[in-house]
Amino acid sequence: MDDPCALLLQRGSRELGVEITESERDNLLAYLALLIKWNGTYNLTAVRDPEAMVVRHLLDSLAIVPLVAGQRLIDVGSGAGLPGIPLAILNPSKEVHLLDSNSKKTRFLFQVKTALRLDNIVVHHQRVESFKPAQQYDVVLSRAFAGLPDMVASCGHLLKPDGVFLAMKGVYPQDELEAVENLCKIEAVQPVVVPELEEHRHLVRMKPLK
């Protein structure tokens, strides 16, 4: 295995303490190859360098794997499928829904689901405000969808009564946390260390107040 992206992925996942099988590694790299291929036409991400994509997209997503519980989750504003697709690859028993209002992005998401045979993924092309799921979710997850107040306001109807919001953030989001303290119980703001990345990362876990 002399592919630099494969080596970086293997080393990074080991540093994260996230065990990936050979087939999971191959699927993550196949997803990366599709992202690189489609990015030229669909402008899915501003990151162009493949190794930077491994760090900023794959390892960034894998870093939260140990922190995501629940059987049925939705990645809101999924974009290029981050973190939803890596989570689905590593958790084939979980039901992972990917929601985005951009038709180009959802076409890409469906292509990944089909090409990698990820039967646990469901793709929705819709605005979150008008999306009415048949069943609510254990986890509503977002990486770059919105600030915490907007997430709570627009996604609350997607959560089960005992469900949780998980928001991936960069620096500690003090102002956003203060803006939702009367709306949610902040259960944790977990620092997340991504290998090869010097920037700050945090995962916010919160539950709406009854």
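User: Where is Pro83 found?
Analyst: The model is predicted: local features need pLDDT of at least 70, side-chain atom pairs count only at pLDDT 80 or more, and totals for chains, interfaces and linings use all residues. Residues are numbered from 1 along each chain as its sequence is written, and side-chain values use heavy atoms, with hydrogens and water left out. Helices (H or I, at least four residues) and strands (E, at least two) are DSSP runs, numbered from the N terminus. On that numbering, Pro83 is found in the loop between β1 and α4.

User: What is omega for the peptide bond that joins Leu82 and Pro83?
Analyst: Pro83 belongs to the loop between β1 and α4. The bond from Leu82 to Pro83 is cis, and its omega is about 5°.

User: Which side chain of opposite charge is nearest to Asp75?
Analyst: Asp75 is in strand β1 and touches Leu82 and Pro83, among others (contact means heavy atoms within 4.5 Å). Asp75 is buried (under 20% relative accessible area; exposed is over 50%, partly exposed in between, with a 1.4 Å probe and protein chains only).

User: Which residues lie closest to the centre of the largest pocket?
Analyst: On a 1 Å grid over the protein atoms alone, a pocket is an open set of points with protein on both sides within 12 Å along at least five of seven lines, a cavity is a set where a 1.4 Å probe fits but cannot get out, and lining residues have an atom within 4 Å of a point. Grid points are joined across faces, edges and corners, and a volume is the space filled by probe spheres set on the points; for the largest pocket this gives about 210 Å³. Of the 14 residues in its lining, those closest to the centre are Ser78, Gly79, Ala80, Arg143 and Ala144.

User: How many residues in the lining of the largest pocket are charged?
Analyst: Ala, Val, Leu, Ile, Met, Phe, Trp, Tyr, Cys and Pro count as nonpolar, Asp, Glu, Lys and Arg as charged, and the others, Gly among them, as polar. The lining holds five nonpolar and five polar residues, and its charged residues number four.

User: Which residues line the largest cavity?
Analyst: The whole structure has one cavity of 30 Å³ or more, and the largest cavity holds about 40 Å³ of space. Its lining divides into five nonpolar, one polar and two charged residues. The residues concerned are Asp60, Ile64, Met168, Val192, Val194, Arg201, His202 and Leu203.

User: How many residues apart in sequence are Arg11 and Glu196?
Analyst: The structure holds eleven salt bridges; one of them pairs Arg11 with Glu196, with the closest N and O atoms 3.7 Å apart. Arg11 lies in helix α1 (residues 4–16) and Glu196 in the loop between β6 and β7, so the pair ties together parts whose separation in residues is 185.

User: Is Glu196 buried or exposed?
Analyst: Phi of Glu196 is near 70°, a positive value in a residue other than glycine. The relative accessibility of Glu196 is 52%, and therefore this residue counts as exposed.

User: Is Arg72 buried or exposed?
Analyst: Arg72 forms a salt bridge with Glu95, the closest N and O atoms being 3.0 Å apart. This pair links strand β1, which holds Arg72, with strand β2 (residues 95–100), which holds Glu95. Glu95 is partly exposed at 31% relative accessibility, whereas Arg72, at 8%, is buried.

User: Which residues of helix α6 are buried?
Analyst: Helix α6 covers residues 148–155. The cover over its buried residues includes β1 (72–76), β4 (137–142), β5 (159–169), α7 (174–180), β6 (184–191) and β7 (202–208). The buried residues are Leu148, Met151, Val152, Ser154 and Cys155.

Methods:
A salt bridge is a side-chain nitrogen of Lys or Arg within 4 Å of a carboxyl oxygen of Asp or Glu. Lys and Arg count as positive and Asp and Glu as negative; His and the chain ends are not counted. Lists of a residue's contacts leave out its neighbours within four places in sequence.
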